[in-house]
Amino acid sequence: MSCLMSCAVSALFALCLPLTLALPNGAPLGACSSLMPSHSGISPQTSTSPHTIAATYVNGAVQVRIMGPNYGGLLLQGREPNQAVAVGNWTMPPTNTKVISCFSRQNSAITHANTNPKTANTVYIWNPPPMNNCVQYIEFVATVAENRARYWTGLKSAEMKLNCSGAVRTFAGFATVVISTLVWLAAF
């Protein structure tokens with residue numbers, strides 16, 4: 001009977017272990033560079049993600065949203081394009097999320113605090129780096145997990161241009177102004 005009991009306890013432990021490895025309380029600092037979750041034995045989805053990253057400049061900061069279906073986990077950073085280090089910082093983390101300090105930079109990433117649903121209405125606030133560390137362009141990169149077994153890595157927003165005055169402009173906004181001007185000129 002004791003062998004049967006030992007086998008049952010071992011089997012129960014083996015079944016529960018993957019649930020503890022999914023880190024439902026947020027991404028570890030070890031994931032900062034790769035943005036890869038510690039979901040033991042589970043690979044990221046290879047299909048196109050149903051999530052996108054939308055970023056909008058509002059009153060000196062950037063509002064970032066993860067568009068698409070509800071999700072439970074994320075790791076989100078602002079980075080210079082083609083770089084692997086987070087820049088800027090996140091403030092006022094929404095309910096069910098928290099900031100972490102990647103690359104020894106305070107509040108440089110945001111992650112889930114639990115697996116409660118986050119929606120496209122969840123707004124993350126990012127602030128550009130100080131003027132003496134001005135970057136020219138920024139993009140937001142993320143891993144988004146609908147649940148432990150279903151997650152996508154390598155999500156990127158459109159690039160945004162940062163002026164060292166702190167102003168942020170998107171390429172799409174600039175293109176809209178140029179096209180509108182050309183259409184207006186063509187009418188004459």
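Colleague: How many salt bridges does the count come to here?

Modeller: A salt bridge is a side-chain nitrogen of Lys or Arg within 4 Å of a carboxyl oxygen of Asp or Glu, and by this rule the count comes to 2. Bear in mind that this is a predicted model, where local features need pLDDT of at least 70 and side-chain atom pairs count only at pLDDT 80 or more, while totals for chains, interfaces and linings use all residues. Residues are numbered from 1 along each chain as its sequence is written, and side-chain values use heavy atoms, with hydrogens and water left out.

Colleague: Which residue forms a salt bridge with E139?

Modeller: That partner is K156, with the closest N and O atoms 3.9 Å apart. E139 lies in strand β8 and K156 in strand β9, so the pair ties together parts 17 residues apart in sequence. Strands are DSSP runs (E, at least two residues; helices are H or I, at least four), numbered from the N terminus.

Colleague: Is E139 buried or exposed?

Modeller: The cut-offs are under 20% relative accessible area for buried, over 50% for exposed and partly exposed in between (1.4 Å probe, protein chains only). E139 has a relative accessible area of 7%, so E139 is buried. Taking contact as heavy atoms within 4.5 Å, E139 touches Q77, G78, R79, P81, N82, K156, S157, A158 and E159, leaving aside residues up to four places away in sequence.

Colleague: What about the salt bridge of R150, which residue is its partner?

Modeller: R150 pairs with E146, and their closest N and O atoms are 3.2 Å apart. R150 is partly exposed at 35% relative accessibility, and E146 is partly exposed at 24%.

Colleague: Let's turn to the rings. How many aromatic pairs are there?

Modeller: A pair of aromatic rings is described by the distance of the centres and the angle of the planes. Rings of Phe, Tyr and Trp (its six-membered ring) pair if their centres lie within 6.5 Å; planes under 30 degrees apart are stacked, over 60 edge-to-face and the rest tilted. The count comes to 2 aromatic pairs. In one of them, W126 and F140 have ring centres 5.2 Å apart and planes at 85°, so the pair is edge-to-face. W126 sits in strand β7 (residues 124–127) and F140 in strand β8 (residues 137–147), so this pair ties together parts 14 residues apart in sequence. Both W126 and F140 are buried, and together with W90 they form one aromatic cluster.

Colleague: Which residues have the most contacts inside the largest nonpolar core?

Modeller: A nonpolar core is a set of buried Ala, Val, Leu, Ile, Met, Phe, Trp, Tyr and Cys residues joined through side-chain atoms within 4.5 Å. The largest one has 20 residues, and I53, V64, L76, W90, Y124, W126 and F140 have the most contacts inside it. Elements giving two or more residues to this core are β2, β3, β7, β8, β9 (150–156) and β10 (160–162). β8 provides the largest share, 4 residues. A second, separate core has 9 residues, among them A27, C32, L75 and C102.

Colleague: And the sheet: what is the strand order?

Modeller: Two strands pair if DSSP finds at least two bridges between them. Four strands make an open sheet in the order β1-β2-β7-β4, with antiparallel pairing. β1 (52–58) and β4 are the edge strands, each pairing on one side only. The twist averages 35° from one strand to the next, using axes fitted as lines to C-alpha atoms (for helices over the stretch in contact) and angles from 0 to 180 degrees between N-to-C directions. β4 and β7 are joined by 3 bridges, and W90 stands opposite W126 of β7.

Colleague: How many bridges do β5 and β6 pair over?

Modeller: β5 and β6 pair over 4 bridges in the antiparallel sense, with T97 opposite H112 in β6. Strand β3 (residues 73–79) also runs antiparallel to β6, joined by 3 bridges; there, Q77 has A109 as its bridge partner.

Colleague: Last one, on the backbone: where does N96 lie?

Modeller: Most residues other than glycine have a negative phi. N96 is in the loop between β4 (89–91) and β5 (97–100), and its phi is positive, near 75°. N107 also has a positive phi, of about 55°, although it is not a glycine. N107 lies in the loop between β5 and β6 (109–112) and counts as partly exposed at 23% relative accessibility.
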